[in-house]
Structure formats: structure tokens, C-alpha cells
Amino acid sequence: MKKVSSLSELGFADDIHRTLFRPIQQAAPPSPTQRRTKISVIGAGNVGMAIAQTILTQDLTDELALVDAKPDKLQGEMLDLQHAAAFLPRTRILASPDYAVTANSDICIITAGARQIPGETRLNLLQRNLALFKEIVPPLARYSPGTLLLVVSNPVDVLTYIAWKLSGFPPNRVIGTGTNLDSSRFRFLLADHLEVNAQDVQAYMVGEHGDSSVALWSSMSVGGVPILSQLTNDKAVVEQGVLEKIRKAVVESAYEVIRLKGYTSWAIGYSAANLARSLLRDQHRIHPVSLLAKGFYGIPDDREVFLSLPAQLGRSGVLSVANIHLTDEEAARLRRSANTLWELQQKLDL
């Protein structure tokens, strides 16, 4: 029997990828492949160091550069990590308040920003972080013109938009962590209730990383089984109020962590490292991340907003956006989320 080398030989359409995904407009090619990889983390606070620690333990880079405005704390963090060299993969660790230390980075991860106060919404952080980004982004772009920018600081969607504007980079190379972590929290709650592994749960939160995020219930599945349609087939009643309570529980779970320990760190550390892996290793995995969303899912072309959509990530950044079917209600909520961010951006002085 002849061995089949590709699905196209079985009659599977060659252009199926274009049906499933929409390409990113004005995308730039990836930077030339280098033998050694380098990641820079801007901000040596709780979140920045959680990301740095996760990157080191997962052996994601050959060189790690740390930048912070507090020289003594920065030096202490660098030494603390260097002293663990015997227990970690071999990685060169650098640290300096001078952005020159980030030169030739493959990814620059921005975590610097004012800490979120218990009870404070992410959007209220914007004014305190805007001025800071004007000091951070231009030197990163200057020292690493081919880098990918990964924004973690909150409010992440608007700050990713700001980073894009300040960097002058093509939109595919400026990404926010967005609802990647929200989706992980969503999957955890569902997996815990259904008593399955969270990795077997396919469920996305999209839109704003925050209060107006949208849970995509219609596409949720566990082990390939679509949950809502299965419940409908079994004539079980799933009220919208119940679904909304679960969505709010996902949003409020971050506030609960902040209330209990003062900040979040470990989960976002794993989330950012997860994205860095997909980007650096060109894995073409689908992640809900904050990207330039105009033209997708009914968001007008004249609205340059960044919000989270399920996107394929690779070495050049955002490769494409998945064409997931949305219900009318989900699409309307997503557009409202875009409007919330758009209205806020109109108040910015860029």
C-alpha cells in the first residue's frame, strides 16, 4: 500500500488554512534566526521576577537581561538568580538600569508599572502607567529594532496599543498577554468542576483583559465534546445568569488573589513564559492574546484597538487570527468590549 505523505493526496483542500485563519495585515517577517536567544524583562518587581524565574527553569533562552529603575534591588535579584546556577540550565544573566543591556533581544517583556491596589480596576491604572511607557518603549525599539514586544503591565490592552504607537513596529510584533491568563483561570474552574485535566478543556476568554471580558461558551469543549450543545441535547437548562456568574468568577479571581496576598505573580509568570515559548520556538500554537483587532469579528477598520482574540503565534509574532464561530450575543459583547477600550484611548495624549 502506498504511504500517504500529506492530506492533500487524500483530497483535503490545500487552502484549508485560509478558511480557518485570517492573516495579519502589514505583517513583517521574523528577525533573522540567531544561534543564541535573548529575552529582556523590564521591571524587577514581583511579576517581572516570577516571569524571569519561570523562563530560567524552563530553559527558554541563552541570555536573560533584567532592567529596573532601582539599581540595588536589581543587582540583588540578579545575584540571587546567578547563585542558583548549579541548579539551572546554563543561562547568562545580565542586569542594569541602562536599556543598552537589552540590545539585540528576541523578546522584550514589559512588566514595569504601578502596582494594582486592591479593589482598583485595571483601567484605572492607565494614567499612572502611560508616562512610564514613554520612557521604556523607545529605547527598547532603538536597541532591538527586530524584537517582539510582549506587554504584561496593566491595563494591558491599552498599554499594548501605546507600546505599538511608541515603538513604530508592525502590529504583529507587539503583543499583550491579554486574556491568556484569564482563559487559564476559566479552564481551571471548569476542569475542577468537571473533574478533568485543565489541558483537556478548550475554552477561551476574549476581549478586554478585565471587567468587560467575554467568555466564549459556544465553542467550549472538553476532550472534543462540545459542552453547551451536549447539555442542550440532554435537555438540561443552562441559564444565561449562571454562565454570567461563572464569567464574573473568572474576572474576580484575580482581585481575590490581590486581596489575599497583595499582588498576582506566579500565574502570570507561567502565562508569559508560555507565550515566550510559542513565539521563540515558532510553535504556531493558538493563544488568546491582545493584538490589533480592527477588521476582526465585526470590529470596524477605523478602530485601532488592541484586545484579545485567539491567535496563532510564531517567530514573527502574531501569524493569524482563528475564525471561531461566535453567537450573536458573544459577538455583541466583544464589540462592546472594543468600544470600552476605544473610548478610553481617545483620552490619551500620544
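This is a predicted model: local features need pLDDT of at least 70, side-chain atom pairs count only at pLDDT 80 or more; totals for chains, interfaces and linings use all residues.
Helices here are DSSP runs of H or I with at least four residues, strands are E runs of at least two, and both are numbered from the N terminus. Residues are numbered from 1 along each chain as its sequence is written, and side-chain values use heavy atoms, with hydrogens and water left out.

**Overall build**

- The protein chain has a radius of gyration of 20 Å, which agrees with the value near 20 Å for a compact globule of 350 residues; the radius is taken over C-alpha atoms, and the globule rule is 2.2 Å times the number of residues to the power 0.38.
- Along its principal axes, the C-alpha trace spans about 60 × 60 × 45 Å.
- Of the 350 residues, 49% count as buried, meaning under 20% relative accessible area, with exposed being over 50% and partly exposed in between (1.4 Å probe, protein chains only).
- Among contacts with a separation of 6 or more, 73% link residues 24 or more positions apart (contact means heavy atoms within 4.5 Å).
- The mean positions of the 36 positive and 35 negative charges are 3 Å apart. Lys and Arg count as positive and Asp and Glu as negative, while His and the chain ends are not counted; each charge is placed at NZ of Lys, CZ of Arg, CG of Asp or CD of Glu.

**Strands β2 and β3**

- β2 (residues 38–42) and β3 pair in the parallel sense over five bridges, where pairing takes at least two DSSP bridges between two strands.
- I39 stands opposite L64 in β3.
- β3 covers residues 63–67, and five of its five residues are buried.
- In a regular strand the side chains alternate between the two faces of the sheet.
- On β3 both faces are covered, with E63, A65 and V67 buried on one side and L64 and L66 on the other.

**The β8-β11-β12 sheet**

- Three strands make an open, antiparallel sheet in the order β8-β11-β12.
- Its edge strands are β8 (201–202) and β12 (225–226), each pairing on one side only.
- Two bridges join β11 (residues 221–222) to β12, and S221 has P226 in β12 as its bridge partner.

- I51 is buried, because its relative accessibility is 0%. Setting aside neighbours within four places in sequence, I51 is in contact with V41, I109, T111, V152, I268, G269 and A272.
- The C-alpha atoms of I51 and W266 are separated by 7.8 Å, although the two are 215 residues apart along the chain.
- T160 belongs to helix α5 (residues 156–167) and also counts as buried, at a relative accessible area of 0%. Not counting residues up to four places away in sequence, T160 touches V151, V174, I175, G176, S290 and F306.
- S316 lies in the loop between β14 (306–314) and β15 (317–322), and S316 is buried with a relative accessible area of 11%. Its contacts, leaving aside neighbours within four places in sequence, are A28, P29, P30, L148, N172 and R173.
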